[in-house]
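Hello,

Here is the structure I promised to pass on. Please have a look at it first, and then read my notes below.

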Amino acid sequence: YEGYNIEDAVVLNRASVDRGFARRTHIKPYTSVELNYAGGLRDEILVPEKDTAGYRTEEAYNHLEDDGIVYSEADVSQGDVVIGKVSPPKFLSEAREISVQTRKENSVAIKQEENGIVDGVFVTHDKEGNRLVHVRLRDSRVPELGDKFSTPHGQKGVVGLIADEAD
């Protein structure tokens, strides 16, 4: 009932784990495209203004620079915006009065229960000439109970116990 005595369980030494055994880095990409629409309308990557429809809290935009993109090595967590973006109205009925208020907030934010450090920011253009922003997030992970390990021969085992060095 403790978990380490199940079939194919793996017991790890806590001192080894503390010294860096089996640590890994999880990479998560976030991407946004500045699209051009018919009629001269287009998305804009920038820090959204307060009167934009769907504006989040000011704290959500804290890590953005003046160009609307997060800076490298920023420590971000859930709800933080990494790419600020506003979009024009989607339907012609909304487009009759073009103003700042008809523009909608369409930023890319960190998903729930995720966090990490911004590893890299890449800005380029795609084949159609649209501006493409790619933000790479890294998060260090330490082995914990329930993680799966495998050898090259396919012997899978689940971490059932992280034992103290004395044990």
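Of the 167 residues in the chain, 31% are buried (under 20% relative accessible area, with exposed meaning over 50% and partly exposed in between, using a 1.4 Å probe and protein chains only). Please keep in mind that this is a predicted model, where local features need pLDDT of at least 70, side-chain atom pairs count only at pLDDT 80 or more, and totals for chains, interfaces and linings use all residues. Residues are numbered from 1 along each chain as its sequence is written, and side-chain values use heavy atoms, leaving out hydrogens and water.

In sequence order the pattern reads β-α-β-β-β-β-β-β-β-β-β-β-β. The C-alpha trace spans about 70 × 35 × 30 Å along its principal axes.

Now for the rings: there are two aromatic pairs, meaning rings of Phe, Tyr and Trp (its six-membered ring) with centres within 6.5 Å, called stacked if the planes are under 30 degrees apart, edge-to-face if over 60 and tilted otherwise. One of them joins phenylalanine 21 and phenylalanine 149, and it is stacked because the planes are at 5 degrees, with the centres 6.5 Å apart. Phenylalanine 21 sits in the loop between helix H1 (14-18) and strand S2 (24-34), and phenylalanine 149 in strand S11 (residues 148-150), so the pair ties together parts 128 residues apart in sequence. Phenylalanine 21 is partly exposed at 41% relative accessibility, and phenylalanine 149 is also partly exposed, at 25%.

Best wishes

Notes: Helix = DSSP H or I, 4+ residues; strand = E, 2+ residues; numbered from the N terminus.
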